[in-house]
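Colleague: I'm new to this one. Can you put it up and walk me through it?

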Amino acid sequence: MENQETASFDPNNDQFYKQEVRLEEGIDLDSLFSGKGTTFSVKQESPFNDLDELKKPEVWDANEISPVGIDPSAHKDGAFKGIEHLFPEKLTDDGFIIKQMIRPGSGAIVPSRAWVRIHYSTYAEGHDEPIDSTRLRSRTHNFILGDGVNIPAVDIAVSSMKKGEKSRFLAECLYCYGEMGVPPRIPRKARLLLDIEVVAYIDDNKLNEYDAMAPDDRRDIPLDGILKLASICREKGNESFKNNARQAYNSYLRGYKILDSHSPADEEEEYKLQQEKIRISLNLAQSCSELGRTADCRRYAGEAAKYLLNENLKNPNKSAKAHYIIYKSYMKEQKLNLAKNELEKAVKHAPHDATIREAFVKLERAQARENALERDNMTRMGERMGWRD
């Protein structure tokens, strides 16, 4: 029999909201909010149990199902009475979404139409484990705020948050999955507890405005505006790169095309334009490498290396990076001599770089294997032809 610890819910003790635990049975929120109190049993279990389940959890994607609309008049105001001191911020006039901040964020509140990256866990009333969790999947949820891919409660919650903030929200079914729910995972009239962290967001409203402009109007944008747009694309690509190289490539390419469409007015503008082109071209090359597009990889890395030959733009580390990226593309194609040429160029710019030195060792091993294979092939050919020493 499992050890159990029985605890009483105290609405004045907010420690119950600062630690995630598994319960033997789900809590009845109606009893909880009545003010009479309730008891529940906490599972005492090792965090190392059920590792296979954690690697491949059976999770349900809340964002694949559209919320069911219901009649707001069927609900009474003040749905979460009794715990206002724990969730002090009311996000809707009807009081059907309330908020408790766990960790404050920084900067401005996430604006509408921003590209957002969040972690979340969703708990339904009567459930002691999350019905959906990005943390169990080890993958963030990325979306454009206001695009309609989330249930309304998520968009409203995120619209109140800042970068780095972690908060919890209680939401009535009106803003979740309606009175019908989504059986069997979500019961009828289920209220949800949402645990959300804003990992990052990028306000790309300026990009949307740029896309809506006529070509003649785009030419009137000053260089600072062009550089800002390209920077947004690069940041967006950087956020996507780890989880989605294709999405990162599209963001980098968008920024590259914005830069390429601008004609510099003088040498100073050309210098600033080429600086940003170097950054975005190197990132484009890396995303192409991840996607197996070796020719495009060499094209963009080679373009960055060409810009870096300019005396005013010289940067040994970036030059080494450009040639190292090209080296890797040739290695993927087993073109070892061409790979060696690029690695020799890279080491001239960064002679003490450990990664480049290690690459030389790998290259020598690959060349040794290739030479041995060639000798074996020649030997077998000679035996078939009847050659003898």
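**Loops, helices and cores**

Modeller: Let's start with a loop. K189 sits in the loop between β10 and β11. Keep in mind that this is a predicted model.

Colleague: What is the phi of K189?

Modeller: Near 55 degrees, which is positive, and K189 is not a glycine. Most residues other than glycine have a negative phi.

Colleague: Is K189 buried, partly exposed or exposed?

Modeller: K189 has 45% relative accessibility, so it counts as partly exposed.

Colleague: Where is P184?

Modeller: P184 is in the loop between β10 (166–171) and β11 (192–202). A cis peptide bond joins P183 to P184, with omega at about 0 degrees. Most peptide bonds are trans.

Colleague: And R113, what about its phi?

Modeller: The phi of R113 is positive, near 75 degrees, and R113 is not a glycine either. R113 belongs to the loop between β5 (106–109) and β6 (115–124). R113 counts as partly exposed because its relative accessibility is 33%.

Colleague: On to helices. How do α9 and α11 cross?

Modeller: Helix α9 covers residues 267–290 and helix α11 covers residues 316–332. Their axes come within 11 Å and cross at roughly 20 degrees. An angle under 35 degrees counts as roughly parallel, so α9 is roughly parallel to α11. The crossing of α9 past α11 is left-handed.

Colleague: Which residues make that contact of α9 and α11?

Modeller: From α9, they are I278, R279, L282, N283, A285, Q286, S289 and E290. From α11, they are K318, K321, A322, I325 and K332. By class, the contact of α9 with α11 has five nonpolar, three polar and five charged residues.

Colleague: How do α7 and α9 cross?

Modeller: Helix α7 is residues 223–241, and its axis comes within 11 Å of the α9 axis, crossing at roughly 20 degrees. That makes α7 roughly parallel to α9. α7 passes α9 in a left-handed crossing.

Colleague: Which residues does α7 bring to the contact with α9?

Modeller: L223, L227, A230, S231, R234, N238 and F241. The α9 side includes E269, K272, L273 and E276. By class, the contact of α7 with α9 has six nonpolar, five polar and six charged residues.

Colleague: How many residues are in the largest nonpolar core?

Modeller: The largest nonpolar core has 51 residues. I258, L259, I278, L284, Y300 and M331 have the most contacts inside it.

Colleague: Which helices supply at least two residues of this core?

Modeller: α5 (205–212), α7, α8 (245–260), α9, α10 (294–307), α11, α12 (336–349) and α13 (354–385) each do.

Colleague: What does L259 touch?

Modeller: Leaving out residues up to four places away in sequence, L259 touches I226, L227, A230, L273, E276, K277 and I280. Another core lies apart from the largest one. That other core has 31 residues, among them I97, V154, A171 and L194.

Colleague: Last topic, D155. Which helix is D155 in?

Modeller: D155 lies in helix α4, residues 152–158.

Colleague: Is D155 buried or exposed?

Modeller: D155 is buried, because its relative accessible area is 14% and buried means under 20%.

Colleague: What does D155 touch?

Modeller: F143, L145, G146, G148 and N150, not counting residues up to four places away in sequence. The C-alpha atoms of D155 and I144 are 9.7 Å apart, and these two residues are eleven residues apart along the chain.

Notes: Residues are numbered from 1 along each chain as its sequence is written. This is a predicted model: local features need pLDDT of at least 70, side-chain atom pairs count only at pLDDT 80 or more; totals for chains, interfaces and linings use all residues. Side-chain values use heavy atoms; hydrogens and water are left out. Axes are lines fitted to C-alpha atoms, for helices over the stretch in contact, and angles run from 0 to 180 degrees between N-to-C directions. Helices (H or I, at least four residues) and strands (E, at least two) are DSSP runs, numbered from the N terminus. Angles under 35 degrees count as roughly parallel, over 145 as roughly antiparallel, 65 to 115 as roughly perpendicular and the rest as oblique. A crossing is left-handed if the near helix is turned anticlockwise from the far one by less than a right angle, and right-handed if clockwise. Contact means heavy atoms within 4.5 Å. Ala, Val, Leu, Ile, Met, Phe, Trp, Tyr, Cys and Pro count as nonpolar, Asp, Glu, Lys and Arg as charged, and the others, Gly among them, as polar. A nonpolar core is a set of buried Ala, Val, Leu, Ile, Met, Phe, Trp, Tyr and Cys residues joined through side-chain atoms within 4.5 Å. Buried means under 20% relative accessible area, exposed over 50%, partly exposed in between (1.4 Å probe, protein chains only).
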